[in-house]
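Hi,

Here is the structure I promised to pass on. Have a look at it first, then read my notes below.

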Amino acid sequence: MRLEHRLILALDVVEPEAAMSVAKAVRGEVDAIKVGWALFLSGGRDIFRDIARFGYLLADLRTAEIPNTTRLIVEQVAQMGASGIITQGFVGEDSVRAAVESAGRAEVFVITEMSHPGGAEFTAPHAEEMARLAVRAGAAGIVAPATRPERVKRLREIVGTKLILAPGVGAQGGKPAEAIRAGADAVIVGRSIYESKDPRASAEAIAREIRRSRGEAF
Ligand code: OMP
């Protein structure tokens with residue numbers, strides 16, 4: 001993933017036409033577009049292919065399966081033009097390895113500690129093991145909570161130079177600058193962009209805040 005803005009749009013817009021209009025609006029202002037189950041169920045393979053034409057498609061059909069089923073799913077996702085694929089870490093090393101091995105040229109990102117309050121119940125206590133597992137399995141990076149920057153900081157110590165993508169900014173209460181300062185490489189933002197009146201301006205504002213926090217000119 002080429003990181004220019006350090007911003008990934010989570011396109012959780014269920015209506016395919018509306019989703020495409022948001023994708024067009026933010027073109028060039030985000031480094032990747034993440035498409036998950038809701039949009040895939042309404043727009044199918046076509047929406048994946050259409051979004052992939054815009055650049056980096058981060059497919060979030062997060063697998064939580066045994067290795068064989070993981071392989072079957074990830075191969076399908078990679079064929080739809082995904083440049084990145086998200087998988088769950090709690091399934092264990094064999095399943096994460098299966099995802100990495102069947103992803104072809106696509107990068108695999110492993111979810112460690114989830115950003116919502118419930119993420120503190122079961123994922124948080126094992127997040128550090130999941131981060132180690134992601135490194136061992138050869139993943140491109142991990143997903144870690146922007147809602148808990150101190151956890152991003154700790155997970156950064158474990159994953160070294162692997163990428164950290166941090167969701168939970170805006171609607172879930174996380175702050176983009178804090179997540180980046182804690183060690184995230186990019187933030188994943190959904191509602192604060194696609195529900196705003198001007199998605200492009202909202203994306204620009206978040207990217208500007210990130211640049212400022214890194215002391216970069218903008
Ligand atoms: P907003 O809360 O609307 O900004 O969207 C956040 C996006 O990140 C959604 O697509 C979530 O499914 C996703 N996400 C989390 O919010 N928390 C996590 O721990 C992991 C993810 C994810 O893997 O993308």
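**What I found**

Let's start with a salt bridge: Arg-136 pairs with Glu-93, and their closest N and O atoms are 2.7 Å apart. (A salt bridge here is a side-chain nitrogen of Lys or Arg within 4 Å of a carboxyl oxygen of Asp or Glu.) Arg-136 sits in helix H5 (residues 127-137) and Glu-93 in helix H4 (residues 93-102), so the pair ties together parts that are 43 residues apart in sequence. Helices (H or I, at least four residues) and strands (E, at least two) are DSSP runs, numbered from the N terminus.

Before going on, keep in mind that this is a predicted model: local features need pLDDT of at least 70, side-chain atom pairs count only at pLDDT 80 or more, and totals for chains, interfaces and linings use all residues. Residues are numbered from 1 along each chain as its sequence is written, and side-chain values use heavy atoms, with hydrogens and water left out.

Buried means under 20% relative accessible area, exposed over 50%, and partly exposed in between (1.4 Å probe, protein chains only). Glu-93, at 23%, is partly exposed too.

The structure holds 14 salt bridges. Another one joins Lys-34 to Asp-60, with the closest N and O atoms 2.5 Å apart. Lys-34 is in strand S2 and Asp-60 in strand S3 (residues 57-63), so this pair ties together parts 26 residues apart in sequence. Both Lys-34 and Asp-60 are buried.

Then there is Arg-154 with Glu-128, where the closest N and O atoms are 3.3 Å apart. This pair links distant parts of the chain, with Arg-154 in helix H6 (residues 149-159) and Glu-128 in helix H5. Salt bridges that share partners join Glu-113, Glu-128, Arg-148, Arg-151, Arg-154 and Glu-157 into one network.

Have a look at Val-30 as well, in the loop between helix H1 (16-25) and strand S2 (32-36). Val-30 counts as buried, at 13% relative accessibility. Leaving aside neighbours within four places in sequence, Val-30 is in contact (heavy atoms within 4.5 Å) with His-5, Leu-7, Leu-9 and Ala-203. The C-alpha atoms of Val-30 and His-5 are 6.0 Å apart, though 25 residues separate the two along the chain.

As for the whole protein, it has 9 helices and 8 strands, and buried residues make up 53% of its 218 residues. Its C-alpha trace spans about 45 × 40 × 30 Å along the principal axes.

Cheers
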